[in-house]
Amino acid sequence: MGNAQEVQLGESFVGNGVNAAHVNTVLGHRSGPAGTAWATALASPSAGHVPFVTVLRPSLPVKPLTLFVTKAAPANDRHGNLIWGAAQAGIAAGVADAVADGIVSDEQADSHALIAAVWVNPNADDDEAVYRNNRESVRTALENGVKNLPSTAEVIEARNSPTNPFFTPRGSQP
């Protein structure tokens, strides 16, 4: 990513059932559209959706600076604790994994902003699974963004058999 205007988009779904993780990523230079979106989202919370800077531990934000945006408003205290606890820790560790693995370069860690849109099911019930799944999902989403995956051919091939954990059309095979 040499151009400040370039943005990498990634997606990954990891795990099964209520503890699965679904993460979307937007990675780009702080001085480009990703940085503008990052700052705008941080400054524009809405009821139930308060973006926050992802930390490995208090006062140690992960790099690239990562904005955690929840896709589901906290349904109750337990769900909120899973979002701010296990899911945040998983996102922070997974982003650090991506830097350690060279998916995100050291230079990008200092110059880029990352937005992670994160789904934590309100019925999630296993902190460790939520942590593990989010860690793997964000790392995979970043890798998919770097590689510009999925391929267009893969999308065309799958167009007649869409499926997700909530719906499969009759006659489709997952």
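**View 1. The start of helix H2, where asparagine 76 meets arginine 78.** A side-chain oxygen of asparagine 76 comes to within 3.1 Å of the backbone nitrogen of arginine 78. This counts as a polar contact, a pair of N or O atoms within 3.5 Å in which, within protein, one atom must be able to donate a hydrogen and the other to accept it; residues adjacent in sequence count only if both atoms are side-chain atoms. Please keep in mind that this is a predicted model, in which local features need pLDDT of at least 70 and side-chain atom pairs count only at pLDDT 80 or more, while totals for chains, interfaces and linings use all residues. Residues are numbered from 1 along each chain as its sequence is written, and side-chain values use heavy atoms, with hydrogens and water left out.

**View 2. Helix H2 along its length, with a kink centred on alanine 87.** Helices (H or I, at least four residues) and strands (E, at least two) are DSSP runs, numbered from the N terminus. H2 has 24 residues and spans 33 Å from its first C-alpha to its last, close to the 34 Å expected at 1.5 Å a residue; the expected span is 1.5 Å times one less than the number of residues. The kink is about 35°, taken as the angle between axes fitted to the seven residues ending at a residue and the seven starting there. After H2 comes glycine 102, with a positive phi near 80°.

**View 3. The open sheet, in the order S1-S2-S7-S6-S3.** Its 5 strands have mixed pairing, where two strands pair if DSSP finds at least two bridges between them. At the edges are S1 (7-14) and S3 (52-53), each pairing on one side only. Helix H1 (residues 33-42) packs on the sheet, touching S1, S2, S3, S6 and S7, and its direction makes about 55° with that of S7. Helix H2 (residues 77-100) also packs on the sheet; it touches S2, S3, S6 and S7, and its direction makes about 140° with that of S6. Contact means heavy atoms within 4.5 Å; axes are lines fitted to C-alpha atoms, for helices over the stretch in contact, and angles run from 0 to 180 degrees between N-to-C directions.

**View 4. Phenylalanine 52 and phenylalanine 68, bridge partners in S3 and S6.** S3 and S6 pair in the antiparallel sense over 2 bridges. The structure holds 1 aromatic pair. Phenylalanine 52 and phenylalanine 68 form this stacked pair, at 4.7 Å centre to centre and 15° between the planes. Rings of Phe, Tyr and Trp (its six-membered ring) pair if their centres lie within 6.5 Å; planes under 30 degrees apart count as stacked, over 60 as edge-to-face and the rest as tilted. The two residues are 16 residues apart, so the pair links distant parts of the chain.

**View 5. Isoleucine 115 of S7, opposite leucine 67 and valine 26.** S6 and S7 run parallel, joined by 6 bridges. S2 and S7 pair in the antiparallel sense over 8 bridges. Leucine 67 in S6 also stands opposite valine 53.

View 6. Most peptide bonds are trans.
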